[in-house]
Amino acid sequence: MFTTLYANQFKEISKNPNATRSPKLITPIHAAIGDFIRENSNFDVITLPLSEYNFVSNLGTKKVDIAILDKTTKNLLGAIMFKGIRQEYNKNANNYYESMKGESSLFIEAGIPVFQIVFIPTHIKHKNSKGEIVFEEPTEKSFKNYENFINEKSSYWNLLKLSVYYFDIDYDNFIVNYSNKTLKNVEPTLEEGLMNFIGGLNG
């Protein structure tokens, strides 16, 4: 399910290169994650395209991609943030990594569990400064940053679940499959990661 939705993003970009900046491009994955949680739990879920949850704390505010709420109290029980790489990655890889930690801190400081989901192609198709189509591979440094964080993070980050998935992409036929490039202690599929996250929520 999620691989097909990710593939559809690249198909849409092939027809309209400007679509990569459109929030509508990722809404189907947000909605599918919300549907999956509703089907496998007793929680309420707020996500686009129906509505959007705005998290407010003393340290700042953040629009939540998928907000998980208690059915009765409507209190926020957990937040899910999704990032899917679709274009040039390596020059911004460290910014993505640091931004993930920064936005996670907003939830952690408020005692809210947060699940960060990152999708990364093993070969990323984009145009260089000359307008030529090129492919880049995510750096080993980026891979190690995520893997070391997942396996060596301090207790401060206990409320953060981070799952990074690498995908092999057939750009000609728009087929996406989970790659053999995997991180230690990350579930094999997003479905399994979601089940483990919602299974640990109180509500």
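Throughout these legends, contact means heavy atoms within 4.5 Å of each other. This is a predicted model, in which local features need pLDDT of at least 70 and side-chain atom pairs count only at pLDDT 80 or more, while totals for chains, interfaces and linings use all residues. Residues are numbered from 1 along each chain as its sequence is written, and side-chain values use heavy atoms, with hydrogens and water left out.

**View 1. Lysine 63 and the residues it touches.** Let's begin in strand β3, where lysine 63 sits; helices (H or I, at least four residues) and strands (E, at least two) are DSSP runs, numbered from the N terminus. Neighbours within four places in sequence aside, lysine 63 is in contact with Glu52, Tyr53, Asn54 and Met81. Its relative accessibility is 48%, so lysine 63 counts as partly exposed (buried is under 20% relative accessible area, exposed over 50%, partly exposed in between, with a 1.4 Å probe and protein chains only). Between the C-alpha atoms of lysine 63 and glycine 193 there are 22 Å, with 130 residues separating the two along the chain.

**View 2. Threonine 3 in helix α1.** Helix α1 covers residues 2-15 and includes threonine 3. With a relative accessibility of 17%, threonine 3 counts as buried. Setting aside neighbours within four places in sequence, threonine 3 has Phe167, Val176 and Tyr178 as its contacts.

View 3. Among the buried residues of α3 are Tyr97, Met100, Leu106, Phe107 and Ile108, along with Lys101 and Glu103. The buried residues of α3 pack against β2 (53-57), β3 (60-64), β5 (76-84), β6 (114-121), α4 (140-152) and β9 (160-170). Just past α3, glycine 111 adopts a positive phi of about 75°.

**View 4. Where α2 meets α5.** Helix α2 (residues 27-40) and helix α5 (residues 190-199) have axes that come within 11 Å and cross at roughly 55°. Axes are lines fitted to C-alpha atoms, for helices over the stretch in contact, and angles run from 0 to 180 degrees between N-to-C directions. On the α2 side, Ile33, Phe36, Ile37 and Asn40 meet Leu190, Glu191, Leu194, Met195 and Ile198 of α5. The residues of this contact divide into 7 nonpolar, 1 polar and 1 charged (Ala, Val, Leu, Ile, Met, Phe, Trp, Tyr, Cys and Pro count as nonpolar, Asp, Glu, Lys and Arg as charged, and the others, Gly among them, as polar).
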